[in-house]
Amino acid sequence: APDIPVANVKAHLSQLQSIASGNGGNRAHGRPGYRASVDFVKSKLDAAGYQTSIQSFTYLGATGYNLIADWPGGDVNNTLMVGAHLDSVSAGPGINDNGSGSAANLEVALAVAREGHKPNRHLRFGWWGAEELGLIGSTHYVNNLPAAERSKIKGYLNFDMVGSPNPGYFAYDGDGTSGSGGPAGSAEIEKVLRDHFASINVPVEDTAFDGRSDYGPFIRYGIAAGGLFTGAEGRKTTAQAQKWGGQAGVAYDRCYHASCDTTSNINDPALDRNADAIAHAVWTLGGSGAR
Ligand code: PHE
Ligand code: ZN
Ligand code: ZN
Ligand code: CA
Ligand code: ZN
């Protein structure tokens, strides 16, 4: 897999920050900053050769949008999906939550195009609306797919908060080491994501696979899933600070759901490692033979 340039991911975050700043300080469902965020990501993907579509839905009297981007080729009956929510809360610009996952996935998608990558499996990326109001966009997408289309999605990777300023390195517990685990295939996804961190000697902990982000609607249909997380309102323990660095007794993200979730609220090494792990998983799980 290619090494994802963190500078490119950060450039996308700067664009999302500008969009928020120019639209009342947020990128929330129903606000102009959300639609502008969709248009920004879509234009990058269109220029790179993706087939994009915008799916609209209505929630609380406002129109929401999911952005879907298909990379042409690969076995559509064995589709790998990669997603992130693109909306923020109304309190702030949402740069770590979830500009980080949105920008990392965008840069991995652009790397697929730059490399002329021809994975065996079909690749589809999704940027979800209204996650912050209860996984509304991702639920709408999964529930409205015809059953025959839903059954072609054989795996889903989710990235929500991957640049926390006092980062932990967490993988969703797909194999059930710390809980009940996920649908068949989730253990392999967790392993592939963990393998990247093993290769750079960064220890990874499990985090609950409880449906607290957009993978929830996918696992409810039995679709294998996984993902990474660098922490939200929880506090880093002393043991975690010893192995990962950072501040013990302090939240992973002190600006979680707050106005200070700006471009200053990002830990660059965490963002870089997570973006590289996403690429590693897309290349490994997608297969690298000819289409
Ligand atoms: N979904 C949460 C939010 O957007 C963040 C989160 C992600 C929490 C993953 C737990 C695990 O606010
Ligand atoms: Zn989030
Ligand atoms: Zn959030
Ligand atoms: Ca585990
Ligand atoms: Zn790797």
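Modeller: Contact, the sense in which I'll say elements pack together, means heavy atoms within 4.5 Å. Residues are numbered from 1 along each chain as its sequence is written, with chains lettered from A and ligands numbered from 1 in the order in which they are written. This is a predicted model, where local features need pLDDT of at least 70, side-chain atom pairs count only at pLDDT 80 or more, totals for chains, interfaces and linings use all residues, and side-chain values use heavy atoms, leaving out hydrogens and water.

Biologist: Good to know! Which elements do the buried residues of α2 pack against?

Modeller: Helices (H or I, at least four residues) and strands (E, at least two) are DSSP runs numbered from the N terminus. Buried means under 20% relative accessible area, exposed over 50%, and partly exposed in between (1.4 Å probe, protein chains only). In α2, that covers Gly33, Tyr34, Ser37, Val38, Phe40, Val41 and Leu45. Their partners are α1 (6-21), β1 (51-59), β2 (62-71), α3 (95-114) and β4 (121-128).

Biologist: What length does α2 reach from its first C-alpha to its last?

Modeller: Helix α2 spans residues 32-48, which makes 17 residues.

Biologist: Which residues are the protein donors of the zinc ion?

Modeller: Donors are N, O and S atoms within 2.8 Å of the metal (3.2 Å for Na, K and Ca), and water is not among the atoms, so sites may look incomplete. Two residues lie 2.6 to 2.8 Å from the zinc ion (ligand 5), each through its ND1. One is in helix α6 (residues 186-199) and the other in helix α9 (residues 268-286), 84 residues apart. They are His196 and His280.

Biologist: Is His280 buried or partly exposed?

Modeller: His196 is buried, at 11% relative accessible area. His280 has 22% relative accessibility, so that residue counts as partly exposed.

Biologist: Where is Ala130, and is that residue buried or exposed?

Modeller: Ala130 has a positive phi of about 55° although it is not a glycine. Its place is the loop between β4 and α4 (136-144). With 1% relative accessibility, Ala130 counts as buried.

Methods:
The expected span of a helix is 1.5 Å times one less than its number of residues.
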